[in-house]
Amino acid sequence: MSEDTNQNDPLMQWVTFYLGDEKYGINVMQVQEVLRYSEIAPVPGAPNYVLGIINLRGNVVTVIDTRNRFGLPSKETDDASRVVIIETENHIIGILVDSVAEVVELKASEIETAPNVGNEDSSKYIQGVTSRENELLILVDLNKLLSEDEKAELDML
Amino acid sequence: MKSKQKTATKQIVQHEQALDLYFKNMLGDLLSGQVAPEPKVEVKTHPKSQIKRVPEPVIAKEEPKTQTRQAATKTEGKIMPLSVMPEWSQQEFQTLFFKVDKMILAVPLTELLRTITFDRSVTRIPEQPSWFMGLMDELDSRIGVLDSGQLIFGKSRGMQRNLQEKPYQSILITADGRWGMACDGVLSIGKLTPEKVRWRTCRQRRPWLVGTVIDELVTVIDIRKLVPYRKNEV
């Protein structure tokens, strides 16, 4: 009975981070590691949502300006800034966030679709929202953070 | 021959004036102040060619049809029939008066669930329009909080407001419990009868603006037309 319930309502773990005042969650299974902010080398001609590249143990990883992607004003990095290395459909990329918070467990039934009052493309990477400890957590679908064209663009950097 | 033409011209002029008067009487209330003034009918300068055509039986038969069609088009295209007015506008209704910036607006109470004090922050969803302030959990519902200033005054004027320096004070929650209209304050509750309102029946632009309270010059809004349609249902 409980197995059935679990199958119907699977439990997922989410890594949460802050951008500005809002708290976001990403699927823990897609997070490879969390790095302290280190120098990011700019890439000439890169799109504006790309901060640059870092060397991760011999591999070049592109770092995304998450604030830019989410339409938020830019902010100077500080001690709390982190680069979260994630895997999205065979692409390893880094996302710069203001700070990383914790890992939380959520049942699928706790996640509700977020309203989209913008155009078709706006915030399509927002998987849903859930309420935790009197604050709303915005869940991000990392596979939709970049479009196919943008992923192809990153490959060519 | 000339006197016959003169008589015909006089008849046409009288006919058009009568029709003009008829439509003005019939639509007068609907048109007052809402529709761009119609072009004036030139009663003195009918070209002779038109005068000659009128007495012909075929044209004389077609004339009323053309007029009917124009009136119907006008009804469908510009003037919405009273039947499409919100249901609450058909009889006396209780109204909540509230303030956005310096403007006082009225909304029927039946369209609202409750009002709350705007004393918490909202959770902003990335890449949504600037008038969508964010989400807020309120009792048993999750409401989308809307910047009434931007929705009512338009994006350019509404965005001039610095919400950090001059935050909204109250939120009107819609009857379905899904939207909150952020405003500067709830003023009072009163009753309105339909005759106290100049109803706006031509609402292609600003369909949410349904009328004006004649004495107080307060804008009556249809909140259902002001809140957006949610593409993704919660």
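Analyst: Start with one strand pair. In this predicted model, strand E1 (residues 11–19) of chain A runs antiparallel to E8(A), and seven bridges join the two.

User: Which residue of E8(A) stands opposite A:Tyr18?

Analyst: A:Ser99 in E8(A) faces A:Tyr18.

User: What is the strand order of the open sheet?

Analyst: Read across the sheet: E8-E1-E2-E10-E9, all in chain A. That makes five strands with mixed pairing.

User: Which strands stand at the edges?

Analyst: E8 and strand E9 (126–132) of chain A. Each has a single partner strand, so one side of each lacks a neighbour in the sheet.

User: Now the cavity. How is empty space found?

Analyst: Roll a probe the size of a water molecule over the atoms; this shows where empty space is left. Here, searching the whole structure gives one cavity of 30 Å³ or more. The volume of the largest cavity is about 40 Å³.

User: Which residues line the largest cavity?

Analyst: The lining consists of A:Lys23, A:Glu102, A:Val104, A:Arg132, A:Glu133, A:Glu135 and A:Leu137. Two elements of chain A give two or more residues to this lining: strand E8 (99–107) and strand E10 (135–140).

Technical notes:
Residues numbered from 1 in each chain as written. Chains lettered and ligands numbered in written order. Predicted model: local features only at pLDDT ≥ 70, side-chain atom pairs only at ≥ 80, totals over all residues. Heavy atoms only, no water. 1 Å grid on protein atoms, 1.4 Å probe; cavity = no way out; pocket = protein on both sides within 12 Å on 5 of 7 lines; lining within 4 Å. Points joined across faces, edges and corners; volume = space filled by probe spheres on them. Helix = DSSP H or I, 4+ residues; strand = E, 2+ residues; numbered from the N terminus. Pairing = 2+ DSSP bridges.
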